[in-house]
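Q: I am new to this structure and would like to learn how to read some of its features. Please take me through them one at a time.

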Amino acid sequence: MTETPSHKLNDGRTVPAVGLGTWPLDDDAAEEAVAGALGLGYRLVDTALNYGNETGTGRGIARSGVDREDVFVTTKVPGRHQGYEKTLASFEESRRNLGLSYVDLYLIHWPLPRVDLYVDTWKAMIRLREEGLVRSIGVSNFTADHLDRLERETGVLPAVNQIEMHPRLPQEELRAVHAAKGIITESWGPLGRGHDLLADPGIVAVAEAHGVTPGQAVLRWHTQLGAVPIPKSADPGRQRENLDYFGFELTAGELERITSGPRQRFGGDPETHEEF
Ligand SMILES: NC(=O)c1ccc[n+]([C@@H]2O[C@H](COP(=O)([O-])OP(=O)(O)OC[C@H]3O[C@@H](n4cnc5c(N)ncnc54)[C@H](OP(=O)(O)O)[C@@H]3O)[C@@H](O)[C@H]2O)c1
């Protein structure tokens with residue numbers, strides 16, 4: 001297996017080029033999946049307070065025997081905990097669940113524009129970073145307007161915006177905004193969330209041309225666009241497959257062919273989705 005590369009963040013730290021998603025695993029399943037994945041070579045793990053599996057994720061990290069410093073752990077503040085003081089308390093809850101002294105990346109899970117607390121939440125995240133409890137801070141499901149507002153009102157840009165991204169939702173415009181601001185795009189739902197994406201004829205043809213699986217072709221597409229995919233699998237074979245795609249290169253024509261299917265969003269719309 002080729003070694004996993006990494007990306008430089010705008011705060012000087014680095015993030016591995018691919019990670020393990022953990023939704024919707026419960027604590028026991030997350031412990032198994034995370035311990036197994038770290039054993040295979042994964043070094044980025046994505047969880048959230050709202051997944052209800054931070055405890056299992058933390059156990060999996062401890063069980064893996066991999067040095068804490070070598071694992072990049074991401075978790076997220078949920079909608080019901082937005083606001084300055086509540087975010088600080090929510091972080092303590094997450095940290096306790098994970099059993100860790102610090103978190104590598106802390107994200108605002110959804111912007112919830114109607115609630116209008118994401119700027120105050122962001123100020124708490126800045127404080128957590130200053131205190132060293134969080135190494136990097138970022139957001140999830142933020143639009144270009146939300147990012148502009150954070151920059152305008154706090155002067156601090158997120159290191160990462162974790163957004164729904166896959167060949168049916170390639171996010172060209174938001175990726176261009178990220179590139180201009182030095183924000184790394186993380187892709188959630190990178191394999192199409194169990195829908196029929198991996199049976200798309202264009203994707204299957206590209207995969208066959210390289211002797212790889214459709215999942216590997218799609219993950220390669222993410223990487224060549226500069227995004228960090230966090231595919232979820234609890235199956236050791238598919239976990240291995242989802243890490244082993246750094247040994248081939250797609251052509252410009254193949255990158256286009258992968259996105260030749262219809263446009264489709266599999267998750268919530270960031271302007272209206274409310275999740276607490
Ligand atoms: N920030 C947010 O709002 C947000 C929202 C959704 C998700 N996320 C994060 O993003 C992660 C990934 O997104 P997701 O889980 O929704 O979607 P996904 O990773 O695109 O898809 C996961 C599904 O694909 C299957 N799968 C995995 N690898 C495969 C392969 N190589 N070939 C065929 N099928 C494969 C998995 O089944 P098996 O387990 O059986 O392999 C699972 O059913 C989540 O786990 C979570 O950590 C974040």
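Q: Is Phe 142 buried or exposed?
A: One point first: this is a predicted model. Buried means under 20% relative accessible area. Phe 142 has 1% relative accessibility, so Phe 142 counts as buried.

Q: How is a pair of aromatic rings described?
A: Two values are used: the distance of the centres and the angle of the planes. In this structure there are four aromatic pairs. One of them joins Trp 110 and Trp 188: the ring centres are 6.3 Å apart and the planes stand at 65°, which makes the pair edge-to-face, because planes over 60 degrees apart count as such.

Q: Which parts of the chain does the pair of Trp 110 and Trp 188 tie together?
A: Trp 110 is in the loop between strand E6 (103-108) and helix H4 (118-130), while Trp 188 belongs to strand E9 (residues 184-188), so the pair links parts that are 78 residues apart in sequence. Both Trp 110 and Trp 188 are buried.

Q: What aromatic pair does Phe 142 form with Tyr 118?
A: Tyr 118 and Phe 142 form an edge-to-face pair, with 5.2 Å from centre to centre and 75° between the planes. Tyr 118 is in helix H4 and Phe 142 is in the loop between strand E7 (134-140) and helix H5 (144-154), so this pair ties together parts 24 residues apart in sequence. Tyr 118 has 4% relative accessibility and therefore counts as buried.

Q: What sits over the ring of Tyr 102?
A: The charged end of Arg 68 does, at 3.9 Å from the ring centre. Arg 135 also lies over the face of Tyr 102, at 3.8 Å from the ring centre.

Q: How are two packed helices described?
A: The description uses the angle between their axes and the distance between the axes. Here helix H1 (residues 27-40) and helix H2 (residues 54-64) have axes that come within 7 Å and cross at roughly 35°. The crossing of H1 and H2 is right-handed.

Q: Which residues meet where H1 and H2 are in contact?
A: On the H1 side they include Asp 27, Glu 31, Val 34 and Leu 38. On the H2 side they include Glu 54, Arg 59, Ile 61 and Arg 63. Sorted by class, the contact of H1 with H2 has five nonpolar, five polar and seven charged residues.

Q: Where does Pro 111 lie?
A: Pro 111 is in the loop between E6 and H4. With a relative accessible area of 0%, Pro 111 is buried. Leaving aside neighbours within four places in sequence, Pro 111 has contacts that include Tyr 118, Asn 141, Phe 142 and Pro 270. Pro 111 and Thr 121 are ten residues apart in sequence, and their C-alpha atoms are 9.7 Å apart in space.

Q: Which residues does a cis peptide bond join?
A: Trp 23 and Pro 24 are joined by a cis peptide bond, with omega about 5°. Pro 24 is in the loop between strand E3 (20-21) and H1.

Q: What is phi of Asn 141?
A: Phi of Asn 141 is near 65°, a positive value in a residue other than glycine. Asn 141 is in the loop between E7 and H5, and its relative accessible area of 3% makes Asn 141 buried.

Q: What is phi of Asp 116?
A: Phi of Asp 116 is near 60°, a positive value in a residue other than glycine. Asp 116 is in the loop between E6 and H4. At 40% relative accessibility, Asp 116 counts as partly exposed.

Methods: Residues are numbered from 1 along each chain as its sequence is written. This is a predicted model: local features need pLDDT of at least 70, side-chain atom pairs count only at pLDDT 80 or more; totals for chains, interfaces and linings use all residues. Side-chain values use heavy atoms; hydrogens and water are left out. Rings of Phe, Tyr and Trp (its six-membered ring) pair if their centres lie within 6.5 Å; planes under 30 degrees apart count as stacked, over 60 as edge-to-face and the rest as tilted. Helices (H or I, at least four residues) and strands (E, at least two) are DSSP runs, numbered from the N terminus. Buried means under 20% relative accessible area, exposed over 50%, partly exposed in between (1.4 Å probe, protein chains only). A charge sits over a ring if NZ of Lys or CZ of Arg is within 6 Å of the ring centre and within 35 degrees of the ring normal. Axes are lines fitted to C-alpha atoms, for helices over the stretch in contact, and angles run from 0 to 180 degrees between N-to-C directions. A crossing is left-handed if the near helix is turned anticlockwise from the far one by less than a right angle, and right-handed if clockwise. Contact means heavy atoms within 4.5 Å. Ala, Val, Leu, Ile, Met, Phe, Trp, Tyr, Cys and Pro count as nonpolar, Asp, Glu, Lys and Arg as charged, and the others, Gly among them, as polar.
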